[in-house]
Amino acid sequence: MQALQLKQTFKTNISDIYALFGDDEGMILFALEKFYALIPFETREYCIQKFEGNEISQDEIIASLSYPSMFGDRRLVIVKNFNKKLTMQETEKWLDYVDNIVEGNILVLVNCPTIKAAVNQFAVDVDCNAMGLIDYVNYIQTLFNFYKVKYDKSALSEIVNRCNKDFGKINNEVNKLML
């Protein structure tokens, strides 16, 4: 179900702040690929900025969000695994950022519970937790039905099992079958 939620997220207008959370690395990578696709390939080097871990300062992140893209309509700032506890003053800085968002900047928080808590009411949550067998099968069924691909229902769970419930591998196999 999470994969369908993710696909639906990108059918609507692009938001300014996304909070990806969960334990399925394949789902997180799938989601990040969707964000990368928003930036033209030739400008990605200049329009995507990544921060990871607790060694970075939140001031550095907020400062990077304060200027617009010089090479296109959008800039992507990805923050992964930032778990430092925020003081009240630091939380206020995030709220100031939300009040003065630079148009075209997209902030993607990946497993950053403290920043997410500070901007929670302004962020779009994307659940990237591991899915069960039935969730994967339903995802494949929905795709096949949408693209009018004929399939044997018993084969769907076999695809999921052979790919070890790895969403990236399942997606590749499903794409091959739809060609």
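**Entry 1: Ser64**

I began with Ser64, which, leaving aside its neighbours within four places in sequence, is in contact with Gln49, Phe51, Arg75 and Val77. Contact here stands for heavy atoms within 4.5 Å. Ser64 is found in helix α4. Helices (H or I, at least four residues) and strands (E, at least two) are DSSP runs, numbered from the N terminus. I noted Ser64 as buried, at 4% relative accessibility. The classes are buried for under 20% relative accessible area, exposed for over 50%, and partly exposed in between (1.4 Å probe, protein chains only).

I record the provenance at this point. This is a predicted model, in which local features need pLDDT of at least 70 and side-chain atom pairs count only at pLDDT 80 or more, whereas totals for chains, interfaces and linings use all residues. Residues are numbered from 1 along each chain as its sequence is written, and side-chain values use heavy atoms, with hydrogens and water left out.

**Entry 2: the chain as a whole**

I then looked up the overall layout. The secondary structure comes to nine helices and five strands, and along the sequence the pattern reads α-β-α-α-β-α-β-α-β-α-β-α-α-α. The C-alpha trace spans about 55 × 35 × 25 Å along its principal axes. Of the 179 residues in the chain, 44% are buried.

For contacts between residues at least 6 apart in sequence, I found that 79% join residues at least 24 apart. The accessible surface of the chain comes to about 10,100 Å², and carbon and sulfur atoms account for 51% of that surface. Accessible areas come from the Shrake-Rupley method with a 1.4 Å probe; for residues, only the protein chains shown count as cover.

I turned to strand β3 (residues 75-80), where Val79 has its place. Val79 counts as buried, at 0% relative accessibility. Leaving aside neighbours within four places in sequence, I listed the contacts of Val79 as Phe51, Ile56, Ile61, Leu107, Val108, Leu109, Val110, Cys112 and Ile115.

Phe82 lies in the loop between β3 and α5. Phe82 is buried, with a relative accessible area of 1%. Beyond its neighbours within four places in sequence, Phe82 is in contact with residues including Gly53, Asn54, Ile56, Gln58 and Ile61. The contacts of Phe82 also include Asn111, Cys112, Pro113, Thr114 and Ile115. The C-alpha atoms of Phe82 and Lys116 are separated by 9.9 Å, and the two residues are 34 apart along the chain.

**Entry 3: charges and salt bridges**

I counted 19 positive and 24 negative side chains in the chain, with the centres of the two sets 8 Å apart. Lys and Arg count as positive and Asp and Glu as negative, while His and the chain ends are not counted. The place of a charge is taken as NZ of Lys, CZ of Arg, CG of Asp or CD of Glu.

A salt bridge is a side-chain nitrogen of Lys or Arg within 4 Å of a carboxyl oxygen of Asp or Glu. By this rule the count comes to four salt bridges. I examined several of them.

Asp59 and Lys93 meet in a salt bridge through their side chains (3.0 Å, N to O). Asp59 lies in helix α4 (residues 58-64) and Lys93 in helix α5 (residues 88-99), so the pair ties together parts that are 34 residues apart in sequence. Asp59 is partly exposed at 39% relative accessibility, and Lys93 is partly exposed at 33%.

Another salt bridge joins the side chains of Arg162 and Glu158 (2.8 Å, N to O). Both residues lie in helix α8 (residues 153-162), four residues apart, about one turn of the helix. Arg162 is exposed, with a relative accessible area of 67%, whereas Glu158 is partly exposed, at 39%.

I also looked up the salt bridge between the side chains of Glu173 and Lys176 (3.2 Å, N to O). Glu173 and Lys176 are separated by about one helical turn, because they stand three residues apart in helix α9 (residues 167-178). Glu173 is partly exposed, with a relative accessible area of 31%, and Lys176 is exposed, at 52%.

**Entry 4: a nonpolar patch**

Last, I looked up the surface patch made by Tyr46, Met70 and Phe71, which is nonpolar and covers about 390 Å². Patches are made of residues with over 30% relative accessible area and no salt bridge; like charges are joined within 9 Å, and nonpolar side chains (Val, Leu, Ile, Met, Phe, Trp, Tyr) within 5 Å. Tyr46 is found in helix α3 (residues 44-47) and counts as partly exposed, at 49% relative accessibility.
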